[in-house]
Amino acid sequence: MGKTTGFMEYARASAPYRDANERLRDFREIYTGPDAAHLARQGARCMDCGVPFCQSDDGCPIHNLIPEWNDLIYRDQWREALDRLHKTNNFPEFTGRVCPAPCEGACVLGITDPAVTIKDIEMAIADRGFEEGWIVAEPPSVRTGRRVAVIGSGPAGLAAAQQLNRAGHIAVIYERADRIGGLLTYGIPNMKLDKVEIVERRLDLMREEGVEFRVNADVGDGSGGSIDVRDLAKEFDAVLLATGATVPRDLPIPGRDLDGVHFAMDYLTQNTRSLLDSNLADGNYISAKDKDVIVIGGGDTGTDCIGTALRHGCRSLVNFELLPQPPATRAPHNPWPTWPVIFRTEYGHEESAAMFGKDPRVYLISSTEFTARSVDGGGNRKNGRKVSGIRTIDVQLKDGKFENVPGSEREWPADLVLLAMGFLRPEHAVSDALDLAYDERGNYLAEYGKYQTNVENVFAAGDCRRGQSLIVNAINEGREAAREIDRYLMGSTELP
């Protein structure tokens with residue numbers, strides 16, 4: 001490494017977010033741009049560790065060449081750093097913003113000291129690449145004549161399509177929504193990933209490269225106006241299913257059908273669509289303004305619901321979590337280099353504290369019933385009954401099982417309840433039409449590393465194959481699936 005003692009000389013200093021009180025007034029990105037000198041010092045903290053676990057299976061799923069580009073940033077060789085980054089990652093401007101950075105959890109320096117700020121450096125390299133004009137369209141010089149249909153335009157589908165296109169194949173992406181991007185566009189709010197400045201910028205390059213995008217293209221069994229996937233399997237040389245895990249985990253307690261109880265993804269999707277269509281002027285979204293909001297479930301989706309509700313101007317906000325509060329440092333059963341399950345304050349929690357003076361999270365709590373009130377005039381879509389609150393009971397963990405705490409029943413006011421408890425599996429309209437095999441969880445059955453389903457020319461990658469996971473895992477599977485499709489089509493492959 002260029003600065004062998006850098007990790008002893010410089011402390012970790014993450015790039016700060018914009019001030020919470022300021023960023024709550026808009027949906028612009030929460031990030032600030034650190035200067036090159038700051039990033040050089042942080043890059044200098046990367047150790048000559050011998051075995052870089054940051055790019056191992058416990059660290060980066062796409063095996064980013066992290067020590068190499070950390071060193072290049074220390075040496076002020078930004079263009080070379082970008083070249084290293086693009087060797088393994090199609091979309092570093094996405095992962096640098098929204099990946100939770102398992103690489104930092106596996107950083108060797110993190111055994112004794114705070115880890116290197118890998119995520120900050122990755123985002124800065126990608127942003128500098130666009131600013132300098134180094135990132136340009138890379139259309140293939142030769143076309144093979146082979147055509148591949150990619151169903152789903154999330155990170156797995158986009159990564160696969162770009163790789164297939166670079167191999168000379170025609171890649172056509174089918175997206176049932178009105179915009180390309182899947183989770184990147186409608187699952188992640190604009191303040192974490194700007195749709196125009198960041199997502200569309202990359203999509204425009206892919207269009208220039210020759211990738212074809214078809215929106216409002218619902219692929220299924222041919223019923224209800226959908227495109228029959230069986231016809232696509234005949235028309236194209238190969239089909240890649242990258243449909244994501246879109247069946248949400250529900251909360252089947254009394255009152256679940258009340259007006260005002262919504263899945264988190266419905267809430268986030270409607271908000272982003274309205275924001276992009278009209279800057280929220282059309283009113284075509286679920287508003288949290290002047291409402292008592294309860295978000296059930298932690299994780300990134302729950303945090304995104306918190307941040308969105310705060311920007312709407314909610315009256316109050318509480319976040320229920322069934323699990324206990326994580327420890328401040330690694331527990332004995334959670335050793336390095338596994339992902340550190342520790343207490344974290346994310347951007348939404350920080351914003352809630354800025355608005356209401358406290359962290360919104362309540363741990364070890366279980367919801368038992370939604371309570372209702374009548375709506376004046378009745379006749380609304382939920383029979384004139386709207387949610388007014390939630391009854392809960394505290395729980396405790398005993399011998400690995402949850403037990404209710406007697407006498408701990410409570411009732412919480414709520415005009416809007418958002419269910420952010422994760423996702424179970426992919427929807428099955430496409431796969432049932434193909435007679436696809438499933439694993440025990442209902443995911444499309446396709447061997448990792450091969451990605452081929454029981455239907456010869458149909459492949460699967462991303463969350464629809466592995467279950468709900470990280471964007472970086474989806475990109476990795478999209479890249480690897482493209483490699484295997486190229487091998488299937490051509491007999492050999494030069495894709496990584």
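Reply: Two residues are in contact, or touch, when they have heavy atoms within 4.5 Å of each other. This is a predicted model, where local features need pLDDT of at least 70 and side-chain atom pairs count only at pLDDT 80 or more, while totals for chains, interfaces and linings use all residues. Numbering starts from 1 along each chain as its sequence is written, and side-chain values use heavy atoms, with hydrogens and water left out.

Let's start at I135, which sits in the loop between helix α8 (118-131) and strand β1 (147-151). Helices (H or I, at least four residues) and strands (E, at least two) are DSSP runs, numbered from the N terminus. I135 counts as buried because its relative accessibility is 9% (buried is under 20% relative accessible area, exposed over 50%, partly exposed in between, with a 1.4 Å probe and protein chains only). Leaving out residues up to four places away in sequence, I135 touches L82, H86, A126, G129, F130, R202 and L205. Take L82 from that list: it is 53 residues from I135 along the chain, yet their C-alpha atoms are 8.8 Å apart.

Next, the nonpolar cores (sets of buried Ala, Val, Leu, Ile, Met, Phe, Trp, Tyr and Cys residues joined through side-chain atoms within 4.5 Å). The largest one has 63 residues, and I125 and L158 touch the most other members. Helix α18 gives this core its largest share, seven residues. Skipping neighbours within four places in sequence, L158 is in contact with F91, S153, I173, I180, L184, L203, M206 and F213. A separate core has 22 residues, including V219, V430, L436 and V458.

Now for α18 (residues 471-490) itself: α9 (residues 155-166) packs with it at an angle of about 35°, their axes 7 Å apart. Axes are lines fitted to C-alpha atoms, for helices over the stretch in contact, and angles run from 0 to 180 degrees between N-to-C directions. On the α9 side you'll find P155, A156, A159, A160, Q163 and L164, and they meet α18 residues including I471, A474, I475 and G478. That contact has ten nonpolar, two polar and two charged residues (Ala, Val, Leu, Ile, Met, Phe, Trp, Tyr, Cys and Pro are nonpolar, Asp, Glu, Lys and Arg charged, the others, Gly among them, polar).

There's another helix pair to look at. The axes of α14 and α15 come within 8 Å and cross at roughly 35°, and this crossing is left-handed. Its contact divides into five nonpolar, five polar and three charged residues. In α15 (residues 347-356), Y347, G348, H349, E351 and S352 are buried, and the buried residues of α15 pack against α2 (20-23), α14 (299-312), β10 (316-321) and β11 (361-363). After α15 comes G357, with a positive phi near 85°.

Finally, zoom out. The chain has 18 helices and 18 strands, and 54% of its 496 residues count as buried. Among contacts between residues at least 6 apart in sequence, 68% join residues at least 24 apart.

Technical notes: A crossing is left-handed if the near helix is turned anticlockwise from the far one by less than a right angle, and right-handed if clockwise.
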